[in-house]
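Hello,

Here is the structure I said I would pass on. My notes on its cavities and surface follow below it.

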Amino acid sequence: MFTRKLLEQDEALRQAWQREFSKVYGQNTFPAASDSGLSLKPVYTPADMQDVPYGDVAVPGVYPYTRGIYPLHYQYQPWVNQPVHGFGLPEQTRQRMDLLAREGMTGYGGVRAYNLTFDTACKAGLDPDDPAAQGLVGYGGTSLSTLDDMDRLFNNLPLDRTSVVLNVSNMSIVGLAMYLAYAEKCGVAPDKLRGNTMNWLYYAAFSDFDSFLPQGAFEMCTELVKYCTHHMPRWNTTNLFGYIVEETGGNAVQEVAFILAASSALTRCCQEVGLHPDQFLPRFSFQMGQGNDLLEQVAKLRALRQAWARLNRERFGCQDPRSLQARIHVHTAGSSLTAQQPLNNVVRAALQTLGAVLGGANSIHTCAYDEALSLPTEEAATLALRTQQVIQHETNIPAVADPLGGSYYVEWLTQRLVREVFTLLDRIEGLGGFQGCWESGWFRHELERTAYETRHRTEKGERVVVGVNRHASGEAPPVPRFHTDADVEGIAAERVCRWRQSRDSGRAQRALEQLRAAAEHSHSGGWKGQDLLMVPLVEAARSGATLGEMASVLKQTFGWGCAY
């Protein structure tokens, strides 16, 4: 990258630095490492980048997109303020949606945009009156089991001019079917809808939640991608959920490598059903964590863009530039928030948001400071939104694309992460690929190992957490806590019972039986056909089947539990 003359000058300056270092510090050393365990030197110079091809750094908007996927970034299109929200009953979540919209939460081009999460019961495929849903209804998201619930949430919103993220986790395909049926009632065709289905059926590989078993999970993920590719050109089908890797203890290398392994597995499945990667990869995107090691986290986003571009061009033969451009949503690290001295979390979240901006994120969720204690209060959620707005409007950082580009340290670290990621990807392939590592529990073992190491370093005081193991100054002043209404579960259960009584039960049961037949045919090898599951799923939702009833059919057919 550099001329011989410059490297000679650099060598002379490095020797001068070493002499000054020895004068001041003698034989002392100052060992340091990134949060991923990469050994760091105290200073970086051009010599550390002499083996890096300039083409791997390049410029924004040019392959391999290390410095950004657009020639201009925030100068033209600011990142989207996209906080996750959802709790209690749908009308309560709608109130929070309207509040955040009034406070400046918008999507690309100024359209309405809502990043909605369903409650824990929905994500487990349970209706609110199911005994197994007790204690889960309205927590971790909003309760949405019927088309009536959809109407309470979206009533009078122009769906063709609204971008909606449907975070239903394992039940992504069911949630999408319900949204399609509701949109049809509102007179909006599938090709007019815009938004994102998380399509996270693979994420149990990184966590200990019950889920669809691996083969069935990938069959349903593929069905969703296939249907949307044919019928929903504006819909982003799959969110590659690196954030869960970070939250369960993973480091930056693991987060990128594990989620690229998941994307590779899904890409191959989609190829098996006759899709070319250039048909569907432009509608994949990422959700990544943003932890406390600010510059490593910046380098991680840059490394992800380069690794994604190289992987899809070299392994999957992609030619469409959109297939090579990683669109990244960043979620600041919930795992870094502390219940002790919770106001410190304001600083943590602000620095992580700054890192996301310096790394070129396309959209950002900033954690509220009280999330270690409860769901965010309105005041805390608004402050989190204001954090992004201050960075956007008051720092002048958005005036320059990739402002850290050219930093010797950041560029060295970016390329080092890329190398580590591909090394780990090759190891995963050697262990049987993503599905093999899921079924053996290898991912969980690796994440538990790194989580333990982090916890051990914290308990020994080697890793400082302010307010926890250093500068812990007694009890902090109490902060307000959000409480979900105690009667949410009862109201939601009563509503779903009334819904079943009022629908055409015969039609709903026939639709569920048709869904069962389609699911059994799909799982027995027919999943490579055309829209085998989505069409009967939409018909089941249209007929009044509940989320839990549709989920029950899929669980019985595709298998549900722990893969290892």
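Which helices each supply at least two residues of the lining of the second largest cavity? They are helix 13 (344–358) and helix 14 (378–394). Please keep in mind that this is a predicted model.

That cavity has a volume of about 60 Å³. Its lining includes Asn345, Val346, Ala349 and Ala350, and also Ala380, Leu383, Ala384 and Thr387. Thr366, Cys367, Ala368 and Tyr369 line the second largest cavity as well. By class, nine of the lining residues are nonpolar and three are polar, with no charged residue.

The count for the model comes to four cavities of 30 Å³ or more. In the largest cavity there is about 100 Å³ of space. Its lining is made up of 16 residues, and those nearest the centre are Arg67, His73, Gly360, Ala401 and Asp402. Here the classes come out as nine nonpolar, four polar and three charged residues.

Is Val62 buried, partly exposed or exposed? Its relative accessibility is 40%, so Val62 counts as partly exposed, a term that covers values between the 20% limit for buried and the 50% limit for exposed.

Regards

Note on methods. Residues numbered from 1 in each chain as written. Predicted model: local features only at pLDDT ≥ 70, side-chain atom pairs only at ≥ 80, totals over all residues. Heavy atoms only, no water. 1 Å grid on protein atoms, 1.4 Å probe; cavity = no way out; pocket = protein on both sides within 12 Å on 5 of 7 lines; lining within 4 Å. Points joined across faces, edges and corners; volume = space filled by probe spheres on them. Nonpolar A, V, L, I, M, F, W, Y, C, P; charged D, E, K, R; others polar. Helix = DSSP H or I, 4+ residues; strand = E, 2+ residues; numbered from the N terminus. Buried < 20%, exposed > 50% of the residue type's maximum accessible area, 1.4 Å probe, protein only.
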